[in-house]
Amino acid sequence: MSEVQPLQRPRRLTAGDRVAVVAPSGALVPDRLERGVSILESWGLRVEVMPSVLAGNPELPYLSAPDAGRAADLEKAWLDPDIAAVVCARGGYGAQRIVDQLDWAAMGALPEPKVFVGYSDVTALHEAFAVRLGLSTLHGPMAAAAVFGADPATAEGLRRTLFEPESVQLLTSPTAECLLPGRARGVTAGGCLSLLAADRGTPFARAGFEGAILLLEDVDEDLYALDRLLTQLLRSGALAGVAGIALGSWQDCRPSPERIRRLMLDRLGPLGVPVVWELGFGHGPTSLTVPLGAPAVLDADAGTLRLELPALR
């Protein structure tokens with residue numbers, strides 16, 4: 001198993017850049033999309049909502065559109081040389097269905113990589129961009145996610161990452177605290193726990209997270225389900241050699257934060273690495289933007305993640 005390596009950084013955005021909004025996963029709430037687009041436009045970006053974003057899928061209503069349309073939107077946006085960033089509209093479910101439909105050879109042939117933003121179900125695409133394109137991406141708020149329109153701090157964190165990335169190299173939150181002490185250096189990777197577990201054994205999935213600062217979070221799961229997901233990562237060898245772990249939000253996970261905390265100690269404690277509890281990314285009422293594929297130092301005692309380079313060039 002080889003160590004997780006730093007990935008290529010896209011360039012930062014400037015006013016006037018074109019940004020595409022895609023919906024690779026679940027169906028959207030139109031009002032939230034309108035709010036998110038307005039916020040992006042208020043930053044001086046020119047926003048293009050791709051054709052299938054609000055198409056719907058009568059046969060499978062939990063998807064934003066049929067697979068072919070969702071894949072075509074993402075591929076077209078990525079291959080358009082005038083688009084500087086691709087922002088996902090929301091998570092839910094569906095990204096796994098289109099990962100292998102994308103023309104990764106064509107997407108990897110672009111002379112200038114671009115920014116890709118999302119979280120939750122989009123974790124499947126973050127992993128694909130890392131493995132197939134060697135590209136750093138942003139685990140960050142999405143255009144039609146409730147938190148993006150409702151929490152100014154979440155939106156401002158994404159704005160600063162996109163336009164002024166050197167201003168957000170030290171990441172922490174009021175909820176961050178030490179779960180297991182220590183300090184570790186590695187390359188950021190990870191995202192939604194259930195998606196990382198589901199990726200095991202699929203084509204092009206990385207063997208594991210050796211040398212990584214692994215980000216883990218999830219939403220609306222029972223304690224036993226979180227146990228099963230963590231145990232799957234452990235049994236598959238994915239966590240062998242991990243440098244440190246940053247835990248994000250566990251919004252609506254049951255039965256209580258304290259029980260989830262005890263589960264994390266039970267499953268992750270034997271790894272003997274630093275672990276930060278509730279660093280502040282993921283599905284919570286406020287959410288940090290965290291680059292994936294970036295060299296960083298995790299200080300569990302201080303409850304911080306310090307990026308060694310700005311997220312974007």
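This is a predicted model: local features need pLDDT of at least 70, side-chain atom pairs count only at pLDDT 80 or more; totals for chains, interfaces and linings use all residues.
Reader: Ok, sheets. In what order do the six strands of the open sheet run?

Author: The order is β2-β1-β3-β4-β5-β12, with mixed pairing. Its edge strands, pairing on one side only, are β2 (46-49) and β12 (290-292). Strands here are DSSP runs of E with at least two residues, helices are runs of H or I with at least four, and both are numbered from the N terminus. Two strands pair if DSSP finds at least two bridges between them.

Reader: How much are neighbouring strands of this sheet turned against each other?

Author: By 25 degrees on average, direction ignored. Angles run from 0 to 180 degrees between N-to-C directions, and the axes are lines fitted to C-alpha atoms, for helices over the stretch in contact.

Reader: Is β3 buried or exposed?

Author: Strand β3 (residues 83-88) is mostly covered, with six of its six residues buried. Buried means under 20% relative accessible area, exposed means over 50%, and partly exposed is in between, using a 1.4 Å probe and protein chains only.

Reader: Which strands does β3 pair with?

Author: β1 (residues 18-22) pairs with β3 in the parallel sense over five bridges, and Arg18 stands opposite Ile83 there. β3 also pairs with β4 in the parallel sense, over three bridges. In that pairing Ala85 faces Val115 and Val87 faces Val117.

Reader: Which helix lies across β1 and β2?

Author: That is α1 (residues 30-42), which runs at about 155 degrees to β2.

Reader: And the sheet with eight strands, what's its order?

Author: This open sheet reads β6-β14-β13-β8-β9-β10-β11-β7, and the pairing is mixed. Its edge strands are β6 (170-171) and β7 (177-180), each pairing on one side only. β6 is joined by two bridges to β14 (residues 304-307), and the two run antiparallel. Leu170 stands opposite Arg306 in that pairing.

Reader: What lies across β7, β10 and β11?

Author: Helix α10 does, running at about 40 degrees to β7.

Reader: Where is Gln169?

Author: Gln169 is in the loop between α7 (152-163) and β6. This residue is buried, with a relative accessible area of 19%.

Reader: What is Gln169 in contact with?

Author: Leaving aside neighbours within four places in sequence, Gln169 is in contact with Leu305, Arg306, Leu307, Glu308, Leu309 and Pro310. Contact means heavy atoms within 4.5 Å.

Reader: Switching to the largest pocket. How much space lies in it?

Author: About 440 Å³. On a 1 Å grid over the protein atoms alone, a pocket is an open set of points with protein on both sides within 12 Å along at least five of seven lines, while a cavity is a set where a 1.4 Å probe fits but cannot get out; lining residues have an atom within 4 Å of a point. Grid points are joined across faces, edges and corners, and a volume is the space filled by probe spheres set on the points.

Reader: Which residues line the largest pocket?

Author: There are 26, and the closest to its centre are Arg90, Gly91, Gly92, Ser120 and His283. α8 gives the most to the lining, with three residues. The lining divides into 14 nonpolar, seven polar and five charged residues. Ala, Val, Leu, Ile, Met, Phe, Trp, Tyr, Cys and Pro count as nonpolar, Asp, Glu, Lys and Arg as charged, and the others, Gly among them, as polar.

Reader: What is the phi of Ser120?

Author: Near 65 degrees, a positive value in a residue other than glycine. Ser120 lies in the loop between β4 (115-118) and α5 (123-133) and is buried, at 9% relative accessible area.

Reader: What about the loop between β10 and α10?

Author: Asp252 lies in that loop, with a positive phi of about 65 degrees although it is not a glycine.

Reader: Last one: how many cavities of 30 Å³ or more?

Author: One. About 60 Å³ of space lies in the largest cavity, and of its 13 lining residues the closest to the centre are His126, Ala130, Arg206, Leu292 and Gly293.

Conventions: Residues are numbered from 1 along each chain as its sequence is written. Side-chain values use heavy atoms; hydrogens and water are left out.
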